[in-house]
Amino acid sequence: MKITLDADKCCGAGQCVLIAPEVFDQRDEDGVVVLLDAEPPAAHHAVVQEAAALCPAAVIEVHA
């Protein structure tokens with residue numbers, strides 16, 4: 001799994017951080033998503049998929 005982001009479209013909702021804090025974080029100044037692990041281990045794949053599905057701005061892309 002590889003993750004890419006379009007941070008320019010991020011609205012700072014923080015759902016990704018709540019669901020997968022091992023993979024996502026937010027910038028302190030504006031809440032925009034920060035990718036901590038672009039290729040997370042298999043143990044995190046399910047939560048990354050969930051975070052991508054719940055992102056209100058659809059900025060998270062998951063590639064197999």
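Predicted model: local features only at pLDDT ≥ 70, side-chain atom pairs only at ≥ 80, totals over all residues.
**Entry 1. Terms and model**

I take buried as under 20% relative accessible area, exposed as over 50%, and partly exposed as in between, with a 1.4 Å probe and protein chains only. I number residues from 1 along each chain as its sequence is written, and side-chain values use heavy atoms, without hydrogens and water.

**Entry 2. Salt bridges**

I looked for salt bridges, each a side-chain nitrogen of Lys or Arg within 4 Å of a carboxyl oxygen of Asp or Glu. The search of the whole structure returned four.

I began with Lys-2, which is partly exposed at 40% relative accessible area. The side chain of Lys-2 forms a salt bridge with that of Glu-39, at 3.6 Å from N to O. This pair joins distant parts of the chain, 37 residues apart: Lys-2 belongs to strand β1 (residues 2–5), and Glu-39 to the loop between β3 (33–35) and α2 (45–54). I read helices (H or I, at least four residues) and strands (E, at least two) as DSSP runs, numbered from the N terminus.

Arg-27 is bridged to Glu-29, with 3.6 Å between the closest N and O atoms. Glu-29 itself is exposed, at 65%. Arg-27 also meets Asp-30 in a salt bridge of 2.5 Å, N to O. Through shared partners, Arg-27, Glu-29 and Asp-30 form one network.

**Entry 3. Nonpolar core**

I searched for nonpolar cores, meaning sets of buried Ala, Val, Leu, Ile, Met, Phe, Trp, Tyr and Cys residues joined through side-chain atoms within 4.5 Å. The largest has 14 residues, and those with the most contacts inside it are Ile-3, Cys-16, Val-23, Phe-24, Ala-51 and Ile-60. Helices α1 (15–19) and α2 are the elements that each give two or more residues to this core.

I then listed contacts (heavy atoms within 4.5 Å) for Val-23. Leaving out residues up to four places away in sequence, Val-23 touches Ile-3, Val-34, Leu-35, Leu-36, Asp-37, Pro-40, His-44 and Val-48.

**Entry 4. Cysteines**

Which cysteine sulfur is closest to that of Cys-10? The sulfur of Cys-11 is the closest, at 5.8 Å, too far for a bond. A disulfide is a pair of cysteine sulfur atoms within 2.5 Å, and by this rule I count zero disulfides. I also noted that Cys-11 is exposed, at 53% relative accessibility.
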